[in-house]
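Me: I'd like to learn how to read a few features of a structure. Please show me the general idea, then the case at hand.

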Amino acid sequence: MARSGLAGAARVARWADAALGPGGDSATADGKATLSEATAERAARDLGLTPAQVRADWDTARLAGLVEVHGDSARPGWRLRAWNRDDSAVLRGWVALFDAWSLAHPEPEEHEPAAVAEVVSAMPQVLSFLQLSAGPVPVEQLLDLLEQRVTELRTARCEIPYGPQPEPAAEPEPTDAPLAPLLDWALRALASVGALTYGDGQATLTPLGSWAVWVKLEQICVAAQSPAGNIEQGAEDMLRGCAQLRPNAARAEYRAWLAARPVGSAVTELLGAARGEDALLRGLAFEALRVVGAPAEPDVRAVLDEPTLRPYALLWLAEHDGADPEDAHEVLTREEATWLWVDTAAAVADHGEAPLLVRHLESAVQPTVPMLLDEVRAVGHPRTVQVLVALAAAHPDPALAKAVRRAAFQVHTGGS
């Protein structure tokens, strides 16, 4: 179902990979993520689609992580590279689209932004109810649940802390905003990404939507396969096999893998895996390089001018030179530290559990969330939208989640 639902997005992403390589036409307009008119028309001719269909599939490809935009150029995401051989990459791409449902199908402009944010914050409870119901649920019943949840959110915001308080915010509280049109929008948006079917006054989760909600409810992670046989694997597959191991067990596996091949070729393989689109493998590759030690230093130093690898290389070199691992981050500039924070968050969003992503907030160098969001937007990491959407979906604080969603929308649309 995920492959079928994302087939159009994958087709456009593959077209972009083949047709918009280095030296080719610019993919986007004005440095934003929207396809340029010429590129959309060219893709439409080549694929037998309309420009509107191409733009819709392009937008889906970006939200699903199949394509990444860098200024005026685009490149395939790691999920597209793994599409034909890795079912988990396909499912993770669909879950990324599922988390971004409110961006995939923007709300009508006439609704108050605060009311929209409340509905988005309340929808996980609606989806959980649909999942537990295991069948069609009347929209009236979902509306009652939504109204209850929104009331709870508003009540929680009315808690008055001790001490002098600032003047109330100018933004009006949507106490009388009708929720039925917003529920209709939310259900249509979730239907557009394949999470549910909606019609005849009822909504039903699709098998794929039910699976995704169940995974989120139970916080299930796919267990790593047995490490047996990793020694014969290439660096990328070896690192994937070690992804769920405890640190000591992973280091033992790295040592065994390194012992079975020449150090030079092993270091080359590990750096090659680190250059891929999967941020988890990037971090694991440098963990394996820590096991290599001194023989890897010239190769690690040689990648300092590669922006994707530079923060990892700087930390590796600092630790190699004797810095305490807890203090090694001091060698990074603020921008490098922020880029690394987004890259690590991408790894957590792709491979970890929601609570880990929430706790990852504490590791940011910025003292406040607004400062973090401003600097994350400025650093230009290609996974910024997916990371912010995943963080907003995971965070239990409605106000913070709303701010993160707003930042994701601004990055997504190229706004400010």
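Me: What kind of model is this, and how buried is Trp 94?

Reply: This is a predicted model. Trp 94 has a relative accessible area of 2%, so it is buried. The cut-off for buried is under 20%.

Me: How do I describe a pair of aromatic rings?

Reply: A search of the whole structure finds 3 aromatic pairs. In one of them, Trp 94 and Phe 98 have ring centres 5.3 Å apart and planes at 15 degrees, so this pair is stacked. Planes under 30 degrees apart count as stacked.

Me: How are the planes of Trp 101 and Trp 185 arranged?

Reply: Their planes stand at 45 degrees and their centres are 5.2 Å apart, so the pair is tilted. This pair links distant parts of the chain. Trp 101 lies in helix α7 (residues 101–104), and Trp 185 lies in helix α10 (residues 180–192). They are 84 residues apart.

Me: Are Trp 101 and Trp 185 buried or exposed?

Reply: Both are buried.

Me: Now the sheet. How do strands pair, and in what order do they come here?

Reply: Strands of a sheet pair through backbone hydrogen bonds, either parallel or antiparallel. Here 3 strands form an open sheet in the order β3-β5-β4, and the pairing is antiparallel. The edge strands are β3 (137–138) and β4, each pairing on one side only.

Me: How many bridges join β4 and β5?

Reply: There are 4 bridges between β4 (residues 196–199) and β5 (residues 202–205), in the antiparallel sense. Leu 196 has Leu 205 of β5 as its bridge partner. Tyr 198 has Ala 203 of β5.

Me: What should I look for in the hairpin of β4 and β5?

Reply: Look at the backbone of the turn. The hairpin has 2 residues between the strands, and Asp 200 there takes a positive phi near 55 degrees. That is a positive value in a residue other than glycine. Asp 200 has a relative accessible area of 81%, so it is exposed.

Me: Where is Ala 134, and what is its phi?

Reply: Ala 134 is in the loop between α8 and β3. Its phi is near 55 degrees, again positive in a residue other than glycine. Ala 134 is exposed, because its relative accessible area is 69%.

Me: How does α8 lie relative to the strands?

Reply: Helix α8 (residues 113–133) lies across β3, β4 and β5. It runs at about 75 degrees to β5.

Me: Which residues make the contact between α20 and α22?

Reply: From α20 come Val 369, Leu 373 and Arg 377. From α22, the residues include Leu 400, Ala 403, Val 404 and Ala 407. Gln 410 and Val 411 of α22 also take part.

Definitions and conventions:
Residues are numbered from 1 along each chain as its sequence is written. This is a predicted model: local features need pLDDT of at least 70, side-chain atom pairs count only at pLDDT 80 or more; totals for chains, interfaces and linings use all residues. Side-chain values use heavy atoms; hydrogens and water are left out. Rings of Phe, Tyr and Trp (its six-membered ring) pair if their centres lie within 6.5 Å; planes under 30 degrees apart count as stacked, over 60 as edge-to-face and the rest as tilted. Buried means under 20% relative accessible area, exposed over 50%, partly exposed in between (1.4 Å probe, protein chains only). Two strands pair if DSSP finds at least two bridges between them. Contact means heavy atoms within 4.5 Å. Axes are lines fitted to C-alpha atoms, for helices over the stretch in contact, and angles run from 0 to 180 degrees between N-to-C directions.
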